Amino acid sequence: RILTQQEVLEGYTAFGKHLTFDFIESAFSRGDICNGVLVDGQWVGFDWRSYTCAPHGDGLWVRFKRPYRYGYKGYVMPEYRGLRIMDTTASDAYCISKGFSRTVLYIDLKNLPSLKNNLRRDFFERYGFVFILRLFGKRYLLHTPGLKKIGFEFYEHDPDCN
C-alpha cells in the first residue's frame, strides 16, 4: 500500500543505508509517493513513484512528461527477495487516478533480479535505452529516439527540482 510520510519516517531506519531522512524529505517535498510492501504488518520493502523528476545517483537526475510516472529506488529486505511480494497495484491505481497512466522505469543492466521481474510482466514495453558513457573523465548521456519522444532523459542535477 501507499505509505504516508509519517509511516515512512517512523520505519525507515530498518532499511539502513537504503533510505535516509534527507532522501525521504526531498522525495515527499517533490510529491513522490512510497509504495510499501508489508508482510504480517511489517514493512519489508518499498519502491517510489515520481511525477516530475527523480534522483538517479552520481549527480544525475531523471525527468519525463505526463502521463508518465517514474518508478525508482526499489528495495526488498534480503529474506523476502525472490518471493514476488512487490505489488504495485495500490500505487498504480493511485497514479492513474491522478492522470499518470503510464510508468517508465530505468533498470541497470547489472540489476538482473529487477530485469527478470519486469520482463516477466505482460505490459512491459521498451521505449529505448540510455547509455551513460565515460571517456577521459567526461560523462556523455545518449538517449535513443523512443525515450526522447516520451520526454524521458537523464540530466545533470537541476536545483529547481530538489
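Trainee: Which strands does helix 3 lie across, and at about what angle does helix 3 run to strand 2?

Mentor: First, the basis: this is a predicted model, in which local features need pLDDT of at least 70 and side-chain atom pairs count only at pLDDT 80 or more, while totals for chains, interfaces and linings use all residues. Residues are numbered from 1 along each chain as its sequence is written, and side-chain values use heavy atoms, without hydrogens and water. Helices (H or I, at least four residues) and strands (E, at least two) are DSSP runs, numbered from the N terminus. Contact means heavy atoms within 4.5 Å; axes are lines fitted to C-alpha atoms, for helices over the stretch in contact, with angles from 0 to 180 degrees between N-to-C directions. Here, helix 3 (residues 89-97) lies across strands 1, 2, 3, 6 and 7, at about 155° to strand 2.

Trainee: In what order do the strands of the open sheet stand, and which strands are at the edges?

Mentor: Strands of a sheet pair through backbone hydrogen bonds, either parallel or antiparallel. Pairing is assigned if DSSP finds at least two bridges between two strands. This open sheet of 5 strands has the order 1-2-3-6-7, with mixed pairing. Strand 1 (2-3) and strand 7 (102-105) are at the edges with a single partner strand each, so one side of each has no neighbour in the sheet. Strand 1 pairs with strand 2 (residues 33-39) in the antiparallel sense over 2 bridges, and Leu3 stands opposite Cys34.

Trainee: Which residues of helix 2 are buried?

Mentor: Buried means under 20% relative accessible area, exposed over 50%, and partly exposed in between (1.4 Å probe, protein chains only). In helix 2 (residues 21-30), the buried residues are Phe23, Ile24, Ser26, Ala27, Phe28 and Arg30. Just after helix 2, Gly31 takes a positive phi of about 95°.

Trainee: Which residues other than glycine have a positive phi?

Mentor: Lys73, in strand 6, has phi near 45° and is partly exposed, at 33% relative accessible area. Phe136, in the loop between strand 8 and strand 9, has phi near 50° and is exposed, at 85%.

Trainee: Where is the cis peptide bond to Pro67 placed, and what is its omega?

Mentor: The bond from Arg66 to Pro67 is cis, with omega near 15°. Pro67 lies in the loop between strand 5 (60-63) and strand 6.
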